[in-house]
Amino acid sequence: MSHEAVPAPTPSPLLDWRVRFGLLALIWGFSFLFIKVGTDGFAPFQVTFGRLLFGTAVLAVALVVKRDRLPRGARTWGHLAVAAFLLNALPFSLFAYAELTIPSTLAGICNATTPLWGMVLSLVALSEDRPTRVRAAGLGLGFVGVLTVLGAWQGFSGLDVTGTALALLASFSYAVGWIYVRRTLSGSGSSHLSLATAQVGVATLQLALVTPLFTTLPDSVELLPLLAVIALGALGTGYAMLLQYGVVAEVGPTTASMVTYFIPVIATAAGVAFLDEHLSWNTPVGAAVVLLGAALTQTRASRRTRTPVPAPAHPAPTPAKTPLKTPSRT
């Protein structure tokens, strides 16, 4: 007498997805505070290298536990090297340098412009993304919000132009990177965890080559900046990505992508509460306008129009057909 095999039940997550969603937003929101504290004791490249090193360690452990393996093929690794530069090495370093001269609150808000840059680029690079009135209005509204945050009517008085430009360039790099990933790594056959571990690992190697050329070892290592770098890497780059994959798998990329809009709110609250950063009225008002504009750019034109990749900060949630997604970071 034969017995029909009964599939084993899928284990339930220990934490409800809403709790993990909130934890994810909290970790990525605090990443900008960690960067600020880290640069008090280390050079920006050293902060980025430490962040990537500890992030890689967490992801590598997860890879071993899940008995997954790294991707294969020189072509895939070549694309991963480009993705690692655009999504990790470059933007992480730019944010670290930016926060030498701008508040962490402003860096977090600049990060929220990534979907705006993504829409501009997608109109050129992705033929399936067609402009609509709503999305065009969202784009215009978003950049009005940026000008509001920067206090354009005051002539950008009191604003460090270089630091702000670096933060905006970091967000632009995220947008370029996700379009590159979407066009080159979709359907690679490797798991999200495998690709993410490889990508962050390659970014670590890139920083390992660059950091000694532009920095020297600090005379002393202070505990608080060290802990900030460890938290930035282990939590903000490693553990947060694992949380992200679980939320996307459980509730889908559309719901999971909403975490992007909580990050600048938490970054602003953390900067004001823990770093005593000054907050003018135009900062929260402009940030709200930026987030509204970014949300409008992510609306669907029709059922046949794919939603553009919502880009984050520190890695943002992965769309269904996109192989990986970091910040974020930050």
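Here are some notes on this predicted model, going from the overall fold down to single residues.

1. Start with the big picture. The protein has 12 helices and zero strands, so if you read along the sequence because you want the pattern, you get α-α-α-α-α-α-α-α-α-α-α-α. Of its 330 residues, 52% are buried. The exposed surface comes to about 15300 Å², and carbon and sulfur atoms supply 67% of that.

2. How far apart are the end C-alpha atoms of helix α6? This helix covers residues 133-150, which is 18 residues, and at 1.5 Å a residue it should span 26 Å.

3. Over to the surface. Trp 153, Trp 281 and Val 285 make a nonpolar patch of about 360 Å². Is Trp 281 buried or exposed? Its relative accessible area is 55%, and the cut-off for exposed is over 50%, so Trp 281 is exposed. You'll find Trp 281 in the loop between α11 and α12, the latter being residues 282-297.

4. How many salt bridges does a search of the whole structure find? It finds two. One joins the side chains of Asp 16 and Arg 18, with 3.1 Å from N to O. Asp 16 is partly exposed, at 37% relative accessible area, while Arg 18 is exposed, at 53%.

5. The other salt bridge is between the side chains of Glu 250 and Arg 20, at 2.3 Å from N to O. Here the partners come from distant parts of the chain: Glu 250 sits in helix α9 (residues 223-251) and Arg 20 in helix α1 (residues 17-38), 230 residues apart. Their surroundings are worth a look too. Glu 250 is partly exposed, with a relative accessible area of 40%, whereas Arg 20 is buried, at 9%.

6. Next, the rings. The structure holds 10 aromatic pairs. One of them is Phe 95 with Tyr 174, a tilted pair with 6.3 Å from centre to centre and 35° between the planes. Phe 95 belongs to helix α3 (residues 74-98) and Tyr 174 to helix α7 (residues 161-184), so this pair ties together parts that are 79 residues apart in sequence. Phe 95 is buried, with a relative accessibility of 0%, and Tyr 174 is buried at 0% as well.

7. While you are looking at rings, find the aromatic cluster formed by Trp 17, Phe 21 and Phe 262.

8. Why does Thr 268 count as buried? Its relative accessibility is 12%, and buried means under 20%. Which residues is Thr 268 in contact with, leaving aside its neighbours within four places in sequence? The answer is Thr 105, Ile 109 and Leu 279.

Key: Residues numbered from 1 in each chain as written. Predicted model: local features only at pLDDT ≥ 70, side-chain atom pairs only at ≥ 80, totals over all residues. Heavy atoms only, no water. Buried < 20%, exposed > 50% of the residue type's maximum accessible area, 1.4 Å probe, protein only. Contact = heavy atoms within 4.5 Å. Helix = DSSP H or I, 4+ residues; strand = E, 2+ residues; numbered from the N terminus. Areas by Shrake-Rupley, 256 points an atom, 1.4 Å probe, with all protein chains shown as cover. Expected span 1.5 Å × (residues − 1). Patch = residues over 30% accessible without salt bridge, like charges linked within 9 Å, V, L, I, M, F, W, Y side chains within 5 Å. Salt bridge = Lys/Arg side-chain N within 4 Å of Asp/Glu carboxyl O. Phe/Tyr/Trp six-rings, centres within 6.5 Å; stacked < 30°, edge-to-face > 60°.
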